[in-house]
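Please look at the sequence and the structure shown below before reading on. The report after them goes through some of the parts one by one.

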Amino acid sequence: MNPLERAGARPGPAFTVTFDGRRIEALPGRTVAAVLWAAGITAWRSTRGGGRPRGVFCGIGVCFDCLVTVNGRPNQRACLVPARPGDVIRTQEGTGHAD
Amino acid sequence: MRTDLAVIGAGPAGLAASLAAAARGVRVALVDAAPEPGGQFHRQPAAGLRARRPEALHHQWRTWIRLRDGLAASSVRLLAEHHVWCVERTSDGLTVHALLGPDEEEPAEVHATAVLLATGGYETVLPFPGWTLPGVVTAGGAQAMLKGGLVVPGPTAVVAGTGPLLLPVATGLAAAGVQVAALVESAGPGRLPRHVRSLAGKFPEGAGYAARLLRHRVPFLARHTVVRAHGDDRLTGVTVAALDAHGRVRPGTERHLPCDTLAVGHGMLPHTDLAEGLGCRLDGLTVAVDGEQRTDVPGVWAAGEATGVGGAALALAEGHIAGRSIAARLRGTAPDPGQWAPAARARARMRRSAAALDAVYAPPARWTDRVTDDTVVCRCEEVTAGAVREALTLGAGDARTVKLLTRAGMGWCQGRMCGPAVAGLAGCGPTPSRRPFARPVPLGVLAEQHTEEGHS
């Protein structure tokens, strides 16, 4: 049984966001991180130094590993920020600023 | 806004304190970063998911209902999505500085006569090769995503590390349909008998988890550890091995467990940044408080994990005592501790069992032996264990000097993730990291502070 069924969730209609140009479905209320996990995506940042992939680590806003660019604004903590209809989510390269 | 009491943190301690104080006539503002009250322990599914059975993934549900309904019926003003970055002493009391979420750009202030710090804690994870791979998450993080987002990162997980949190995380993931390939606990059962008296109250809870692990067919590997996480761009599996009595890997016991998720944790640390900013005395890593939960700074109380990690029930007792003390002190009277004697007895009992759990679930000795030189220790600044060791050979004798030489701890998380690891590699105990702000603050917000003193 998946967690939505387990908790008896009856979410409102799904909406669409994009991740690196790909359209994915989002359930209302979920954070950007939860939307990406539900789509099978676990990495959405590459580190400044080694260019290594990162995603959720602490899940509660403490570690800043899940930083992501949403609607052109970099350094958003994916585990805290709620996804909104039409969000353009992009893998954050390094600092997220073209440098 | 102006209020009598500002409570920072809407988890069990903050909720209990708010209700106890408000019931005695105190005007309370309850400030929390999350959109909904509950803290980490009572984190609720996002409202938009409209969960009809949220209790299926929760613990202590009746306690939560009592707190939730109590809050709704009270005069407490909930200030949700307020990310507090500093509490300041002013001439007429205390000012709580926050940023409004989720954008965290617009400032908000709460002026209060008294403040209760109920800031909770966060998880410690000690590094091991592969721990930065996507798919490796903290045990509490896996649980937070499950409870709040009703989502899991993949179909197969290993839960590992040490501590009582691993049990609810493993059973919670299993109940949500994840195949939990193993629960890997580095502590052995050998230490339990020494603490039987202190832990007597915990045995029914432990037996409940044991039954659930059996029901979900989760293998329990005591005195084992994850030696390495494997994968290229994401986790594909872990190597686990048995530990001997000295914390060394027993040769020949390594085996590979395929998994897409590793939920790992090695205990909890308290959030003490706001207390340190106020100048509150710490006792080791936790905020020092007296029998009324008062810190040594006038007008500032603390309760819950910030004063010592001990779980939700202890936080409730401490919060309740703090709320009653605050109500009396704000009236200018000394409280009668006899009125909260049951809560004080519960607090004493649970502090004893927390101390016993700490002793049972100490991280394995010699864990640093398994941290290879190429393992990243500081996740933010990508500082490897090799670089930390090089700093030590150059003469760095503590975490602060290592930081100055390597940048370990200078990144976004301000050393919250790597602090225990750097201290361990340096061979010294963890020390509080003095952080003037509890979270990143936009320069524009700082520039607007105290404009009357400015010279623009």
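What follows is a description of a predicted model, taken part by part.

## The sheet of chain A

In this predicted model, chain A has an open sheet of 5 strands, arranged in the order S2-S1-S7-S5-S6, and the pairing within the sheet is mixed. Strand S2 (22–26) and strand S6 (73–77) of chain A stand at the edges with a single partner strand each, so one side of each has no neighbour in the sheet. From one strand to the next, the twist averages 40°.

One pairing in chain A can be followed residue by residue. Strand S1 (residues 15–19) of chain A pairs with S2(A) over 5 bridges, and the sense of this pairing is antiparallel. Within it, A:Thr16 has A:Glu25 in S2(A) as its bridge partner.

## Where chain A meets chain B

The contact between the chains takes 41 residues from chain A and 44 residues from chain B. On the side of chain A that touches chain B, the elements that give two or more residues are helix H1 (3–6), helix H2 (32–38) and strand S4 (53–54) of chain A. Of these, H2(A) provides the largest share of that side, namely 4 residues. Sorted by class, the side of chain A that touches chain B has 24 nonpolar, 11 polar and 6 charged residues.

## The domains of chain B

Chain B is divided into domain 1 (2–122 + 269–335), domain 2 (128–264) and domain 3 (371–426). Between the C-alpha centres of domain 1 and domain 2 of chain B there is a distance of 31 Å. The contact between these two takes 9 residues from domain 1 of chain B and 11 residues from domain 2 of chain B. By class, the side of domain 1 of chain B that touches domain 2 of chain B has 5 nonpolar, 3 polar and 1 charged residues.

Together with helix H1 (residues 12–22) of chain B, the strands S1(B) and S2(B) make a right-handed β-α-β unit.

S2(B) also pairs in the parallel sense with strand S3 (residues 77–79) of chain B, over 3 bridges, and here the bridge partner of B:Val31 in S3(B) is B:Leu79. With helix H2 (residues 61–73) of chain B, the strands S2(B) and S3(B) make a right-handed β-α-β unit.

## A covered strand and a covered helix

Strand S15 (residues 261–265) of chain B is mostly covered, with 5 of its 5 residues buried. Strand S8 (residues 136–138) of chain B runs parallel to S15(B) and is joined to it by 3 bridges, with B:Val137 bridged to B:Ala263 in S15(B). S9(B) is also parallel to S15(B), joined by 5 bridges, and B:Ala160 has B:Val264 as its bridge partner there.

Helix H3 (residues 139–149) of chain B is mostly covered as well, since 11 of its 11 residues are buried; among them are B:Gln143, B:Met145 and B:Lys147. Just after H3(B), B:Leu150 takes a positive phi of about 50°.

B:Pro153 and B:Val136 are 17 residues apart in sequence, and their C-alpha atoms are 9.7 Å apart in space.

Definitions and conventions: Residues numbered from 1 in each chain as written. Chains lettered and ligands numbered in written order. Predicted model: local features only at pLDDT ≥ 70, side-chain atom pairs only at ≥ 80, totals over all residues. Buried ≥ 20, exposed ≤ 12 C-beta atoms within 10 Å, placed from the backbone. Pairing = 2+ DSSP bridges. Axes fitted to C-alpha atoms, helices over the stretch in contact; angles between N-to-C directions. Contact = placed C-beta atoms within 7 Å. Nonpolar A, V, L, I, M, F, W, Y, C, P; charged D, E, K, R; others polar. Domains from an automatic or database assignment. Right-handed = clockwise from strand over helix to strand, strands pointing away.
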